[in-house]
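Hi there,

Here is the structure I promised to pass on. Have a look at it first, and then read on for what turned up.

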Amino acid sequence: MVIHVLHIIRDVIGYAFLGYLAIWILAIAIMAFLGVVLVISRGSPDAVRNVFRQVVAARASKELIHVADQAESSAGVGGALRQLRTADPAFDITAFLDSARVAVGAYAMAQFGRDDRLLRRITTPGFWGTHNGKMIIQLMADRRRSSRRTDTSTYGPAMLDVSWRQPVVQDVALGQQGVDRITVRLASVFVGAAPAAGANPPALRRMDAATQLDWDFVRPAGRRTDPGAVLLPRTCARCGGPYRSEFDDACPYCHAPRADSQAGWRLDRNYLVVDSGGR
Amino acid sequence: MSTQAATQASQQRMSCASGLWLMFKLPFMFLRALPWLGEIVRREAATTTGERAQASYGQLTTAADPAAVTAVLATIRSRDAGFDLDATTRGIVRARWAVHQARQSDDASVARLVMSGGLWSVFAMLLAKGAASGVRREDKSAVVAAKVVAATRDQLAEQLRIRLACQGERCERIGQQAVRGEPGEQATWDEDWIIRRSAAATTPANGGVLSGRCPRCGAALDIDAGGACTYCQALVLTGGQDWIVWSIEEAPW
């Protein structure tokens with residue numbers, strides 16, 4: 001009986017060891033795969049990177065990425081914008097693109113600064129069901145776990161600059177599925193500094209990244225621009241108290257929720273844009 | 001002595017145990033990346049990093065054909081007799097000074113009067129996050145030349161890209177470490193200041209936003225928390241009535 005139990009224990013230990021070995025093999029495979037991806041995307045000649053991008057563009061779902069040559073003709077976009085302006089005379093493309101810039105900043109704050117308060121105010125509920133929305137939710141959950149463990153007050157890299165380049169209206173769709181939708185393509189440039197791994201004393205290394213994305217903004221079909229509400233409101237509509245920062249979700253004095261803004265346009269989803277021709 | 005030895009031995013055992021525990025956990029830490037592999041691959045495909053990023057989107061846009069710029073400026077002048085490029089450029093240099101002051105004092109409100117609403121929102125967020133991370137900018141520079149390098153006009157908007165040649169020293173530090181620029185090093189660099197206004201806007205008689213005046217009522221520019229002129233309540237920083245600073249792009253440094 002005792003020998004039988006010892007055999008069982010031996011088998012269990014053996015299987016556990018084999019399972020642990022399998023986990024190590026899988027982990028090494030993941031590390032190797034990520035290493036290859038990083039070498040190709042960051043350390044290879046442009047020709048190799050372009051092949052990598054073409055493969056990714058061909059295989060990824062169109063729900064997740066757009067390919068750089070998928071663009072509506074500028075004449076079509078111009079016509080749709082004129083149609084929008086006719087229906088909504090107070091619509092102004094400069095003010096609209098300006099609010100799109102706020103979305104870019106808010107997304108960067110959530111992604112790199114781990115602060116999603118502004119992003120939550122300017123997005124549709126549907127955004128949080130998209131792939132990128134879920135990624136932000138995951139980052140915020142990681143931040144909460146990290147703050148419980150380390151009691152730190154800052155997270156992620158220090159942000160030196162966030163800017164956008166070359167915003168272009170890619171598509172305008174009016175009245176489809178009950179919403180007006182404008183898609184803006186732009187490159188967001190992030191400059192930051194993060195602690196270098198293993199450096200002693202702690203040293204900071206530069207992080208520069210430029211990512212091209214398509215941003216979909218929607219508002220209910222037929223809605224008109226309120227000329228007095230094209231900017232983020234900076235005072236409470238109920239008590240008149242000033243908000244302390246762009247991140248305030250509610251009035252610090254009367255606790256009323258911060259009103260809708262951006263002339264009704266909200267970020268509905270964004271897509272990575274893969275430029276398979278290289279840049 | 002024996003107490004010290006016992007303490008050292010205990011510490012060694014603890015560090016050995018934590019090392020073994022880390023080794024045990026290590027593969028599980030990598031397994032956490034498994035659900036994100038696709039995302040990592042897609043993001044790598046869509047992103048350029050490091051020096052490549054600086055050499056692509058980080059670089060300032062190539063100057064447009066001078067003849068095309070001249071043609072657009074002539075169109076603007078023909079439509080707006082009050083447009084004065086020299087006065088506009090002086091207004092931009094003044095705006096740069098306001099932004100410089102805001103960065104030095106960590107007070108974004110100083111730059112509120114010259115930036116578009118969206119640009120200022122992002123600027124204010126960055127300044128707040130930078131201050132929280134201990135980022136300090138040291139900048140002793142001046143504009144030595146300015147030139148319009150691109151001009152566009154369509155049915156909706158007019159836009160000028162004005163390249164400022166700057167000279168001096170600039171550096172950003174976190175603690176004692178310089179993360180951008182070299183402390184004390186004299187340098188020259190370019191900054192692109194992009195101004196934009198509605199295609200229907202014309203230059204106000206008093207000079208407008210870049211001269212520190214409300215483009216509608218002409219009062220000295222003073223805006224409330226909602227972005228409206230405190231005298232006439234016009235929303236002046238949306239570009240609908242006058243030039244506003246729409247974007248600031250710096251060459252990589």
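Which residues are exposed on the other side of helix 5 of chain B? They are B:Asp86, B:Gln101 and B:Ser105. Please keep in mind that this is a predicted model.

The buried residues of that helix are B:Thr88, B:Thr89, B:Gly91, B:Ile92, B:Ala95, B:Arg96, B:Val99, B:Ala102 and B:Arg103. Viewed down the helix axis, they fall within an arc of 155°, so they line one face of helix 5 of chain B.

Next, the core. The largest nonpolar core has 96 residues, and those with the most contacts inside it are A:Ala103, A:Ala106, B:Phe123, B:Ile195 and B:Val245. Helix 4 (residues 93–111) of chain A gives this core its largest share, 13 residues. Leaving aside neighbours within four places in sequence, B:Ile195 has contacts that include B:Ile92, B:Leu160 and B:Val245.

As for chain A, there are six helices and five strands, running α-α-β-α-α-α-α-β-β-β-β from the N terminus. Of its 279 residues, 36% count as buried. Among contacts in chain A with a separation of 6 or more, 67% join residues 24 or more positions apart.

Best wishes

How values were computed: Residues are numbered from 1 along each chain as its sequence is written. Chains are lettered from A and ligands numbered from 1 in the order in which they are written. This is a predicted model: local features need pLDDT of at least 70, side-chain atom pairs count only at pLDDT 80 or more; totals for chains, interfaces and linings use all residues. A nonpolar core is a set of buried Ala, Val, Leu, Ile, Met, Phe, Trp, Tyr and Cys residues joined through C-beta atoms within 7 Å. A residue is buried if 20 or more other C-beta atoms lie within 10 Å of its own, exposed if 12 or fewer, and partly exposed in between; C-beta atoms are placed from the backbone. Helices (H or I, at least four residues) and strands (E, at least two) are DSSP runs, numbered from the N terminus. Two residues are in contact if their C-beta atoms, placed from the backbone, lie within 7 Å. The arc is that of the directions from the helix axis to the C-beta atoms.
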